[in-house]
Every structure is written in structure tokens, then in C-alpha cells.
Amino acid sequence: MRTLDFVVILTVTKLSGAIPLEDFYPYGAAQGDTDFPKNDDGSSPIVTISTKFPFFNNQHDSLYVNTNGAISFLGTLSQYTPDAFPLSNSLRIITPFWADVDIRKGGTVWYRETTKPSMLQRATDEVRLYYPSQTSFLATWIFIATWDDVAFFGSTGVATSKRNSFQAVLITNGRHSFTIFNYYEITWTTGTASGGTDEGLGGTPAQVGFNAGDGINYFAVNESRTDAIINLPRLSNVNVDGKFVFRIDTETIEQGGCNTGGTLTIAPRYTNMFGGERKVLSGPCIQPGEVLLVTATLGDTTVDCTIASRYSVTCMTPTFYVTGDVDVTLNVTTSEQNCESCSHNALYYGRITIVNPLDTKPILQPANPSKWIRGEVVTLKWQTEEIPFVVEGSTLEIHVVKSNSDHLPRIHYHSTVVQFIDTLQTEVSFNLETDDDVIVLSLVEAANDTDQNQTQRVWSDAIVVVPRDETESKMSCRRWKAEDDMLPFLSEIQVQVCPCRFDQANIDVIRFHPDSLCQPQESSTRPDINCLYHPRARQCFRLNTPGTIVTGRLCCYDNKGNLMDILTSSGGGYLQRFHYFGDGEGAVPYLSNVVFDTAPYYHCCVYPQLTRSDIPSECFEFYLRREPGNCNEFVPNTPAQNVGDPHFVTPDGLFYTFNGVGEFVLFRTKSKNFVTQVRMQPFASNGNQGSVITSFVVKAVNLSDTVEIRLNSIRGFDILINRVVQDITGVTFLRYKGVTVSVHDANATTDGHKKEVNLAFSGQDIGFQTLVFDSLLNYVVSFGPTVQRGSIEGLLGNLNNDPNDDLVSRAGDVLPSDSSTEHIHNNMGITWRVTEEESLFTYAVGTSYSSIQNTIYVPLFDVPETAITDTTRAICGNDTFCYYDYYVTQDEAVAKSTQVAGETLIRMQKISRPVVSCGFPPLVEFGQWNYSGMEVGDTATLRCNSDRAVHGGSEYITCNSDGRWSESQTTCILGDLATTTTPPPTTVHPDSDDNDSEASSLTTVIVAVTLALVLVIIIIVTIVLVRCVWWKEGRMKFLEGRNFPTLTKEFENPEFGSPE
């Protein structure tokens, strides 16, 4: 863990006063406000609002403004004496001053909603000021309610002149919501009917705060229902007298402003490792005064910081050569006025997360990157709305990436290529003059005259410069080879191999995740450079976990779904010296991978083949150092599933339904070192009862963080790490202790899910694919091949390849696999209820283990046959789980999601079934195999480089049933000579129509070879043998192993077709 220390020294003063009426949000008839007739204990008509307003984790589309100083959501409020919070009876209210207001005696209540830009901007600025962590908040809607000069009930005579003026402002962006209370004048606290005096004091004074209406969740200002509430114009939670600010969308009300010690908030939480990002540090209360010093230190790097407001400090991040969490300490030293020797220190603690550049979207992106040729004019582009500063006057810099003497890449300034950029520009062209192979571009904010230390930057990805010609590419390849030879040889390194087929890589969330540089175009965050280094690939995948000595593996697949071989004109994936995570000593995240793997592959293999289809000798050399491994060693995962109104499919293939309410053990290892628990809550509709999974939690005991995914009605879902909600805004891939988390949007899905969240516990060989719906979670659990058979217990059975003994109670009683749903519920399902001591779940404010459980809940066990109508069949086909869900929920979307999930599982089961694979064809130097696939019956044809000819053996081989290619001693030799060969019979491959056409195109080839040519062949073979003398003994052994694969693994069902 790294530590970042900040030091702030400043002077403290005290504020006083209230909020003048002119500083209220504008109100009244001139602003278009609505009022209602003079009344006592009245309310406005229902106000239908134009947006969903989040409050206490619930969305609201209407509200009421009540005379007695409150805004309510579920009904009007006529009660005049405030009760102490919390209150039940669905009394969901915001109370800037709940007391007995009587506007018959004087005053007006005004209200309006608005989306006027000037009002939205003001609200945005206030939220960002009082909540510095909300740096990207943009208000989209506000509601203003003003109690203007209002009197109290029972006032008479002179007392009728005692008036209160206050305002409540509701603000939201649709996801987060805030409330501002402004107080100008408070002269009375109580009506006479609430025990107050004729002066409006005493009795039961006003209540200020928030109530969820569930009898549990609430927040009240400390002075509520006390005589001290009259001091509101001189009180504040944001250090501005007469103003209170709260965040109110979650179950816990969060106060704005600052504190006097302890917690430090840093925003944005996530930062690019290249640096130049402005971080807002909030927590300490910073009053105007003489600032003596503000610095931030990380190791040997010191940066200057600036006081941004009385609530925050801003600091610019340096360049980091690590990723992950960095501890931050802020030391605030204050000096008192008129006392230079008097000072006070307060420490604040926080944390930032340095994110790998490959896991975020780059703001600067090259246009037509394949034409970024050294010495040519190139174009860089961006989207203005993604730039966090004003573009006007900014400059563009080139930085080069070079390795130091320890082979650790570092970023160095090279040159400024554009001196001034206009506001409206979204791209810029310049001459690319650099001798270096890898560069990054930086757009630099125009210097601030008052504080040049606060200059921000945005960056591109690391870009591989295209050489002018093949001579330059060969020079770059040789330079890389010379440096690579100084590092350990990788031929004996054991690293997870790629699956032979795209289908398996695509569902393997345990071991692989999509490569950000090569994805389907519609999913790519880098559309202009997508698959730049693998132009013929459909998609590539990277390892979730680095291998030995932080190595990685890249797996790329063609449009037929076949794993691509690096030694073909199409190119392919390969072993990577450095995983892009860059874990461990001797590596820099991202940059080591680019410098030692991506750039060399481009120069040695990709660029030479842009103009010719031959395999260059440099690519063969790259292959020797980055051998891709043989995919026939891959062993697939075993899937299990939960869908809908919970229906379970165990990894052994047993289907059953269990509807409990509470928290249950989904599965755990019998050693109890890996635990997964699910929370089920009722889903009631049309009088038929069922339940759905709304949350689940996972932990590898002592080896991982605790990860919880739970539904959220406002944000869709929350991810909690060790019981703390994570802000995942702007990131898609995160790493925590022992687990990786990836989040994907679900675009145009057939089952209606909104998001997909994948968890990979690679150390335990277990993964989770979670589909987030509005009202439930569906998921697939994958068990890798290293998970011991028979080692688990719980609702998912025992993973022993026998579905007949999967229904096992906690006590060990085995139920027949054909037991009724009711029998399963009563004798197996509920026995796996989590005890309070076992629970890993987080409980929201006002909830507890006990409040979640329902031990007497009885669901619907069976669907009446009469309920299966033509409509049901039209929706569900023959899916009985879908029948159940449609009957219970009467929700076609829920039922359809269950049906689609069932089809998905069947597909995954087919993909995971074993079939024989031969892996890559045997290695032939100066040649490449064009193969139809790697399964039994597939064929491969050898094509030599243009200056070579096939010699010896057959240029056609077939994948045999023993998992070996038919033997071939064929080589590619110099000259135009060819050996007579006969192609194999045409084969039909069940996975692809493309393979059918390819196989059927093979024709019989008869080539006459004269006796004179044989002599020439013998001479050339002798030359080839002499060239081979330089090969190292270890490499020859490696090549022999590549020619004669002995290990056969099974990987896929041939009945399942190629990916679409």
C-alpha cells in the first residue's frame, strides 16, 4: 500500500448572520410560483412532477406541499404538532419547519418546479460546493417551496406580527438528490394548540429533518422539538448561518459541508496513472484567512495544492507507476488570528484508487491510427464534453515511453507539437516527428495566472508509432529482441492456455475478460483503434490473473470462432511477458505490456504482413519468445444457475424450485473457506406468492474481500466491498483483494436485463455472471476444473457429477431428485437458512438480520394446469419455470427473462461438454497452416512463404480422433520445388458452414517430380540443416514438442454451432 501525504496550513475565522431573502432561490408570483388559499393545516393539490425524485431509496413522481412546513410524498400532512421521528404510517416527509402554521393570520406558501438553466446551474454549483465529492453532478430538476412571512396558529394582537420565513429546495439529477433549507427569520416555534404560549414559544416546538415513513429511517436536526430550534438562522451544517444542506436519496441522510477531524473524501475516487488530474479533497473545515503552505507528497514526488473553498482543497496528481489503492493523509495546520505562534493540527485520512489506463476510456484518441506513420501528418481527436477544463488556449504535447536500466518503462516529455487550441476544436493535426516506438499524447490546460500548479491534463493511450517502411520495423524488432534477451526466457513458463473456441472464452468469467483493445465494435470504448493490432480478429481476451513472473496471455478469435495462430497471415494471440496488470517487482502496469509485448508484436509480425502475406523471420523469432500455447490443454468450466422466482440448476444438472424469504447458503465449500449467500425477498402479484433474489454476497475466507451485489431502486444496483458501497462511475473493471469485478451495459438484450456484473475469484477457480433486472438478480455460477468434485454443499448441490444426490439438507439428509417443490422447500431449502452469526450481508439503516427473515412464509408450490393458457405458451414455449414465473408475477418481462436464461444455460452446457481437440497444427518455419478448425475431422493446409516450397511429407493434415494431427514431416525450403502430395478427402465440420465450403474446395493435386530435381532438393536440405546449427538446444526441444503434441484435452460439443 502506498501513502500520499498532504499538508495544509491556514487561518480560522467565524461566520455569522442568516440567509437574506434576496439570497433565497427566487420565489413568488413573478417567478410563476403557485400558492394556495389562506388556510390552517391545509395542503396543496397533488403535484405531479416531471421527473423521478429519489428519497430514502425510493423514487417519487408526485408530492404535496403542506401548510405546516412540510413536503410529503405518500399523502397530505395536516398534523400540526410534530411527533418525534421516526414515524411510520407511510409518513414520508421533508420538514424544513414542521409546526402549526396558520396563513389565515398572515403569510403565503409558494411552490414550483423548474428546469430553468440559470436555476439548475445555481443548484449544481451549490451541490458541488457543499459536497466536493460530487464533482460531476449536474442538476436536471429542482423544486422550490417557500413559506414567506408565515404566522402561527393562535396568534393574536401584536403576536400576529411574529413571522417566519424559510425555504426548501429539492434538487436531483435523477440518481442523486439533495435538499437545501434556507432560513431568513424564525421568531416563533409553536402554535398554541401544540402547548405554545401566546408568543408562539414553548410547548412542542418545530421539527426539522426527514422521515422515511417506515418507523425506522429518519434524520432530525439536533435542536428539533426544543426551544433552541428558534436559532435556525444562526445555525448551519455547512458553516453558512441559516443554511442546511443534505443528500437524501439513500437510506442514510448525508450532511453537507465539512468536519473537524477524521474522514477525508477524495473526488473523483479513481484516477488515471498518467497523472495531471485535479483531485478535490474534502473533510476539513477551511475558513478564510492567511494560507501559509499547501503541499502533497507521494514518495519523492511533491505537488503544490490550493484551497478551493472553505470545504475543500485541490491537488494535482503526479504520474504513478503503480495501480490500486493509495492511502492519503491530509494534515491541516491552522493558525489563530493575532497569534502567529498559536497553531493546531488535525489529521484526515482517505484513499484514492489508481486505475490502469486499459480499464478506462481514453479521452484523446488517434484518428486513423494505422496511418500514424513516423514523419507524416497525423490527427488526434476528442469530445469536448469529456475534457474537464476549457480547451481554449491549451497545448498538445508528445511524451515518449522508454525503459530505464532496470527495464522499467518511464514517461518522458518529448515536445510540444501544438501551441494553441481553439475552444471549438475537437481535433488537431500535427507532424509526428519522433524516433521512439511508443508515445502518449497529452492535452494540457492553459496555465492559470493565479495558480500555475493547478494545470490539468488529459491523455491518450500509449500509441505504437507506425514505421516508415519495413526496414524501420525490422530495426525496432531487433532493438526489442536485444532487450528481451536480457530478461528470463519464457519457454518453460506455465501460463493458463487459451480456449480453442470463442464460445468458451466468452463465457469463462473466471479466467478471461474481454480485451479493451479488441472487442465487438458496438462495445468498444476505442472505436478508431479497435483491433488495430489484430485486424482480422473478431475479439480478443486477456487473463484475469497474471501467470508466473507476472506473465499474461492474449487469446484472439476469427469470425469462425477459431483461436487464431500468430504464425498465419491473420495473426493471433500470444504469451505476454508482462500482464497488463503489471503486478509485482520488475513491471509497470500497462506500460510494460505495451513496450515488451504489444509494440514488438506490431513491428515483428503485424506491420510486415500489411504489404505481404508471408510470415517474416522476425515474426518467427517473436514466436519463439512468446509461444501461444496449445489450446487442447484447456479444460472448460461447469456452469450452474439461478433464475426468476428462484429456480435452481445445479452444476450436476438438477432443476428445481425453492422460494424462501430470508438469507440462505447458495453454496459453500465443505471446508467453509469459500461462502456464497443469497437474500430472497417476496415478489407478490395477483395474489400468488413467490420470491426473488435481491442480493448475494461472496467471500473466500482470509483470501478475498467480501463482495456484495444488491438491487437499488435508484441506481439499479450497488456493489459493496467489505460492507462499503463503491462508486463505480466511469470504470468498468476493478480489482480488489482476491477478486476482480467487471461491469457491462446490457445493450438491446433479449431478456431485458439492465447491467451485467461479473466476479472472478481466480484463486478459487469460481466465477459469477450476474444479470441485473429491475426487480431481481439472475446469475450463472461457474466452477473451474480445479474445484474438487464433491467439495461443495448448499442449495447448488455437491458438484459430484451426479444430479440424483443434489438435494441434501444441512443435516445431510438426501432427498429424491424427483421430490415435489413443497417437499424440497420444507425438508431441504429452508434448512440452508443463514444464521445471524454466519451472515455476511450488510443491513441498511433500520433493518437487521431478524427483519429480513420470514420463517413462516409459504409460497405457491405448483401452477394449476388451468393457468397454462395459450398466452402463457406463446410467451414461454415449453419452459415450465417460465410458466411458474408468469403465473406468480403476471409480469411477461420476468417470465421471458426466465425462458431466455434457460436457453442460455443450455447453450453454456453444450459449450462446456468435452470433445476432442488437436490444438494448433505442428510448427513449420517459413510456412503457415490454414485450418478449418481444431476438432476431429478438421483439416489444415500448409502454405509456404513465397520464396519457399513445400518439401517432404504432406501439405495436408487432418485432426484425428486421438487428438493428434496426422503426421507430417513437411518443411518449407528455398526454391520453387514441390513434392507430390495428395489432399485428404473432403470433410464436413459440424460447427461451421464456412468450413464446409473450405473443405469442399480442396481438389486432387498431382505434381510430377523429375529425378533431376531430387538432387537439387538434397542440396537445399543440406543448406537448411547448416542454418539450424545456431538454434539453442532448449529451443530445438521446444520445437520438437510443438511438432509432436502428446497431451490431448477435451473442450467442446461439436453439436453446438459456430458463434454468430
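Colleague: How many bridges pair strand β52 with β54, and in which sense?

Modeller: Please bear in mind that this is a predicted model. Strand β52, residues 939–944, pairs with β54 over three bridges, in the antiparallel sense. Within that pairing, T939 has T958 of β54 as its bridge partner.

Colleague: What is the order of the strands in the open sheet that contains them?

Modeller: The order is β51-β52-β54, an open sheet of three strands with antiparallel pairing. The edges are taken by β51 (927–931) and β54 (956–958); each has a single partner strand, so one side of each is left without a neighbour in the sheet. From one strand to the next, the twist averages 25°.

Colleague: And in the sheet with β24, β25 and β28, which strands stand at the edges?

Modeller: That open sheet has three strands in the order β24-β25-β28, with antiparallel pairing. Its edge strands are β24 (365–367) and β28 (427–431), and because each has a single partner strand, one side of each lacks a neighbour in the sheet. Neighbouring strands here are turned against each other by 35° on average, direction ignored.

Colleague: What joins β24 to β25?

Modeller: Three bridges join β24 to β25, which covers residues 377–381, and the two strands run antiparallel. Q365 has K381 in β25 as its bridge partner, and P366 stands opposite L380 of β25.

Colleague: How many bridges join β25 to β28?

Modeller: Five bridges join β25 to β28, again with the strands running antiparallel.

Colleague: Since you mentioned α5, where is L624, and is L624 buried or exposed?

Modeller: L624 is in helix α5. L624 is buried, with a relative accessible area of 4%. The C-alpha atoms of L624 and S491 are separated by 7.7 Å, although these residues are 133 apart along the chain.

Colleague: What is found at the start of α9, and what just after α9?

Modeller: At the start of α9, a side-chain oxygen of D879 comes to within 3.0 Å of the backbone nitrogen of F881. Just after α9, Q890 adopts a positive phi of about 55°.

Colleague: I have a last topic, the aromatic rings. How many aromatic pairs are there in the whole structure?

Modeller: A search of the whole structure finds 54 aromatic pairs. One of them is F648 with Y656: the ring centres are 5.3 Å apart and the planes lie at 15°, so the pair is stacked. Both partners are buried, F648 with a relative accessible area of 0% and Y656 with 4%.

Colleague: Is the pair F658 and F664 stacked or edge-to-face?

Modeller: The pair F658 and F664 is edge-to-face, because the planes stand at 90°, with the ring centres 5.2 Å apart. F658 and F664 are both buried.

Colleague: Which residue lies over the face of Y321, and which has its charged end over the ring of F502?

Modeller: R410 lies over the face of Y321, at 4.1 Å from the ring centre. Over the ring of F502 sits the charged end of R538, 3.9 Å from its centre.

Definitions and conventions. Residues numbered from 1 in each chain as written. Predicted model: local features only at pLDDT ≥ 70, side-chain atom pairs only at ≥ 80, totals over all residues. Heavy atoms only, no water. Polar contact = N/O pair within 3.5 Å; in protein donor to acceptor, adjacent residues only side chain to side chain. Helix = DSSP H or I, 4+ residues; strand = E, 2+ residues; numbered from the N terminus. Phe/Tyr/Trp six-rings, centres within 6.5 Å; stacked < 30°, edge-to-face > 60°. Buried < 20%, exposed > 50% of the residue type's maximum accessible area, 1.4 Å probe, protein only. Lys NZ or Arg CZ within 6 Å of the ring centre and 35° of its normal. Pairing = 2+ DSSP bridges. Axes fitted to C-alpha atoms, helices over the stretch in contact; angles between N-to-C directions.
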